[in-house]
Amino acid sequence: MSGIFISYRRDDSAGHAGRLYDRLEREFPELRVFMDVERIAAGEDFTRVIDTTLRACEVCLVVIGTRWLATADKFGRRRLDQPDDWVRLEIAAALTRGVRVIPLLVDEASLPPPEALPPELARLSSLQAHPVHHLSFHQDVGTLIGRLRAAMDAHRSTLIEAASLAAGTVRVHPQDQLDYVWIPPGEFFMGRVPIDTLNDERYDDERPRHPVRITHGFWLSRGPVTVAAYKRFALACGQPMPPAPKHNPGWSNMDHPVCNLSWAQARAYCAWVGGRLPSEAQWEYAARGGLADRLYPWGDILGPVNANYGDNHDWEGTTSPVGSFAPNGFNLVDMVGNVWEWISDWYDPEVYQGRSSRAPTEDPEVYVDKLHKKVVRGASWASIPVEMRVSNRGFFTPADTVRDFGFRCLVDEIPAAPVPP
């Protein structure tokens, strides 16, 4: 069962949101209509609850009144600028979860410009809004309901089509012009493989090996995001480029991976294309490419013909063009080597220990910030051989930038056209 999510601010548009909720409940008895997610039980992680709720939705309605943008807390700080603001979290999750987002403009409200929004919400300004006026409420909502039905039908048709695609199918995303590869749902064993005899306690966070089930297929950028693609994003959103590293002065090598950027910068790019960073489980499942029990995406032997890493003197001290080495079983390139890749999960060295060794854990993600570190995966051009193993887990402070850190983007759907300017 899918649903409709209503995001609103109580002190901005509670009355309109309540009327909308009642009408949608009557019109869509077969669906769940979610509202007031802030009624979360004590002890629950609100980021997890919001994300899990939005996974069950096809549409998110963002109710925007005249005070929506400027609403402040008791200290006079704009709520939307706070990283734990409910509305900010709801919209960011919707924009990156393949959920169709429709802004609803109440009475005389207007869409905020992108520069007035946090970077991960900037795409909201380019979405087609729907006006809802007090005096014509039922007529306006009636028009909205027709739009919702059409959107849901289109979404379901897309999911049916994707289910029939072969693993490794490539499509170009119209927003960033990168190749994206279809990764089907499936099961795999996550963690250190049996033939790996590494005896080093620094890598014990790769244990125990455990089964994981990926319940939904997804599209993953075929390689790390390139300099050319990131420049498109920066130009479209008015964002600066990261400082160019010494190995790519002035970002002259456009087909190399972009790097030297923070986790938040990577997330903002992904939101721009309607996607997100992959979870650690999604990344490892994709990196293995259907090849079980192997040390690397291609097998058990590592050499200069396989990847760009510290012992490959052809690319010593620099990134290489994306796709310089053979793809894995899912048609993905540079899954190890070239650049480390930011992951959506917070790093927890003991998280594997809490998962079953028999029953598959479904779609695991780590939302709890224990050490204020985000996961990075895949190693880089500067990595030693032991770091190139698929099971290797890295981590770093999300606000920092590192010369050999890049990312790749995950989307649930490939749109037919880019987001309008």
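This is a predicted model: local features need pLDDT of at least 70, side-chain atom pairs count only at pLDDT 80 or more; totals for chains, interfaces and linings use all residues.
Modeller: Contact here means heavy atoms within 4.5 Å.

Biologist: Is Glu58 buried or exposed?

Modeller: Buried means under 20% relative accessible area. Glu58 has 5%, so it counts as buried. As for Pro418, 360 residues apart from Glu58 along the chain, the two C-alpha atoms are separated by 20 Å.

Biologist: How many aromatic pairs does a search of the whole structure find?

Modeller: The search gives 14 aromatic pairs. Planes over 60 degrees apart count as edge-to-face. The planes of Tyr230 and Phe233 stand at 65 degrees, with ring centres 5.1 Å apart, so this pair is edge-to-face. Both residues are in helix α5 (residues 227-237), three residues apart, which is about one turn of the helix. Tyr230 and Phe233 are both buried.

Biologist: Why is the pair of Tyr347 and Phe395 stacked?

Modeller: Planes under 30 degrees apart count as stacked. For Tyr347 and Phe395 the planes are at 15 degrees and the centres 4.3 Å apart, so the pair is stacked. Tyr347 is in the loop between β11 (340-346) and β12 (361-362), while Phe395 is in strand β14 (residues 394-396), so the pair ties together parts 48 residues apart in sequence. Tyr347 is buried at 6% relative accessible area, whereas Phe395 is partly exposed at 40%.

Biologist: Which charged residues lie over rings?

Modeller: Lys374 is over the face of Trp346, 3.9 Å from the ring centre. Arg393 has its charged end over the ring of Tyr352, 4.5 Å from the centre of that ring.

Biologist: What describes two packed helices?

Modeller: The angle between their axes and the distance between the axes. Here the axes of α5 and helix α6 (residues 263-272) come within 11 Å and cross at roughly 80 degrees. Angles of 65 to 115 degrees count as roughly perpendicular, and α5 and α6 are therefore roughly perpendicular to each other.

Biologist: Which residues meet where α5 and α6 touch?

Modeller: From α5 come Ala229, Tyr230, Arg232, Phe233, Ala236 and Cys237; from α6 come Gln265, Ala268, Tyr269 and Trp272. By class, this contact has eight nonpolar, one polar and one charged residues. Tyr230, Phe233, Tyr269 and Trp272 also belong to one aromatic cluster with Phe407.

Key: Residues are numbered from 1 along each chain as its sequence is written. Side-chain values use heavy atoms; hydrogens and water are left out. Rings of Phe, Tyr and Trp (its six-membered ring) pair if their centres lie within 6.5 Å; planes under 30 degrees apart count as stacked, over 60 as edge-to-face and the rest as tilted. Helices (H or I, at least four residues) and strands (E, at least two) are DSSP runs, numbered from the N terminus. Buried means under 20% relative accessible area, exposed over 50%, partly exposed in between (1.4 Å probe, protein chains only). A charge sits over a ring if NZ of Lys or CZ of Arg is within 6 Å of the ring centre and within 35 degrees of the ring normal. Axes are lines fitted to C-alpha atoms, for helices over the stretch in contact, and angles run from 0 to 180 degrees between N-to-C directions. Angles under 35 degrees count as roughly parallel, over 145 as roughly antiparallel, 65 to 115 as roughly perpendicular and the rest as oblique. Ala, Val, Leu, Ile, Met, Phe, Trp, Tyr, Cys and Pro count as nonpolar, Asp, Glu, Lys and Arg as charged, and the others, Gly among them, as polar.
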